[in-house]
Amino acid sequence: MKKSILLIVIMLAAVGTMQASNILVAYFSWGGNTKALAEEIQRQTGADIYRIEPAVPYPTDYNTLAYTIARNEKETNARPALKETNQDFSRYEYIFVGCPVWWFDAPMIMHTFLETYNFAGKTVIPFCTYYTAAYETLNDIVNATPNSNHLEGLGVSGAS
């Protein structure tokens with residue numbers, strides 16, 4: 001994991017535009033794995049960090065979350081409300097966007113987040129954590145930011 005993040009940091013530095021003041025790590029985490037990865041990216045880049053949070057917190061019970069709420073959100077193409085929607089991300093040129101994999105895709109709250117904010121002209125770097133496979137999660141983030149530039153994403157298995 002650290003080598004993959006380091007490669008992204010080196011690529012940004014090679015372009016000559018990487019400054020901590022123009023990098024943001026935006027992430028959603030339920031179980032803590034994505035938070036740990038986001039914090040590692042922040043540590044290696046010196047970026048600002050922003051936690052994406054739902055207006056109504058998700059339950060702490062995995063079975064209720066996975067087999068009731070997350071599955072229902074995916075099946076209904078829901079857009080769960082965000083806790084806050086007035087952030088200004090305009091000063092950032094590079095935005096790492098990360099989340100766990102839920103039902104083989106990005107959680108629906110990520111769609112809410114990416115549809116709420118305009119990342120046109122920014123460079124988006126997707127990342128995710130998963131237990132079974134990354135599937136389409138990285139592509140979900142890229143597809144939800146069509147007017148952005150994209151660097152290759154990073155999928156990390158579980159807590160590794």
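Reader: Which residues line the second largest cavity?

Author: Rolling a probe the size of a water molecule over the atoms shows where empty space is left. On a 1 Å grid over the protein atoms alone, a cavity is a set of points where a 1.4 Å probe fits but cannot get out, a pocket is an open set with protein on both sides within 12 Å along at least five of seven lines, and lining residues have an atom within 4 Å of a point. Here the second largest cavity is lined by Tyr-50, Ile-52, Glu-53, Leu-82, Lys-83, Glu-84, Phe-113 and Tyr-117. The model is predicted: local features need pLDDT of at least 70, side-chain atom pairs count only at pLDDT 80 or more, and totals for chains, interfaces and linings use all residues. Residues are numbered from 1 along each chain as its sequence is written, and side-chain values use heavy atoms, with hydrogens and water left out.

Reader: How much space lies in the second largest cavity, and how does its lining divide by class?

Author: A volume is the space filled by probe spheres set on the grid points, which are joined across faces, edges and corners. For the second largest cavity this comes to about 30 Å³. As for classes, Ala, Val, Leu, Ile, Met, Phe, Trp, Tyr, Cys and Pro count as nonpolar, Asp, Glu, Lys and Arg as charged, and the others, Gly among them, as polar. The lining has 5 nonpolar, no polar and 3 charged residues.

Reader: Phe-113 is in that lining. Is Phe-113 buried or exposed?

Author: Buried means under 20% relative accessible area, exposed over 50%, and partly exposed in between, with a 1.4 Å probe and protein chains only. Phe-113 has 1% relative accessibility, so it counts as buried. It sits in helix H4, residues 108-116; helices (H or I, at least four residues) and strands (E, at least two) are DSSP runs, numbered from the N terminus.

Reader: What does Phe-113 touch?

Author: A contact means heavy atoms within 4.5 Å. Not counting residues up to four places away in sequence, Phe-113 touches Ala-26, Tyr-50, Ile-52, Leu-82, Phe-89 and Phe-119.

Reader: What about Thr-112, and where is it placed?

Author: Thr-112 is also in helix H4. Its relative accessibility is 10%, so Thr-112 counts as buried. Leaving aside neighbours within four places in sequence, Thr-112 is in contact with Arg-79, Pro-80 and Leu-82.

Reader: Where is Arg-79 found?

Author: Arg-79 lies in the loop between H3 and strand S3 (94-100). Its relative accessible area is 34%, so Arg-79 is partly exposed. Apart from residues up to four places away in sequence, Arg-79 touches Met-108, His-111, Thr-112 and Glu-115. Arg-79 and Met-108 are 29 residues apart in sequence, yet their C-alpha atoms are 5.8 Å apart in space.

Reader: How many cavities of 30 Å³ or more does a search of the whole structure find?

Author: The search finds 2. The largest cavity holds about 40 Å³ of space. Its lining consists of Ala-70, Lys-74, Trp-102, Trp-103, Ala-106, Pro-107 and Met-108, which divide into 6 nonpolar, no polar and 1 charged.

Reader: What span should helix H3 have?

Author: The expected span of a helix is 1.5 Å times one less than its number of residues. H3 (residues 62-75) has 14 residues and should span 20 Å; its end C-alpha atoms are 18 Å apart, which agrees. The bend at a residue is the angle between axes fitted to the seven residues ending there and the seven starting there. H3 bends by about 25° at Ile-69.

Reader: Which residues of H3 are buried?

Author: They are Leu-65, Ala-66, Ala-70 and Glu-73, and these buried residues pack against H4.

Reader: How much space lies in the largest pocket?

Author: The largest pocket holds about 490 Å³. Among its 20 lining residues, Tyr-62, Pro-100, Val-101, Trp-102 and Tyr-131 are the closest to the centre. H3 gives the most to this lining, with 5 residues. By class, the lining of the largest pocket has 13 nonpolar, 7 polar and no charged residues.
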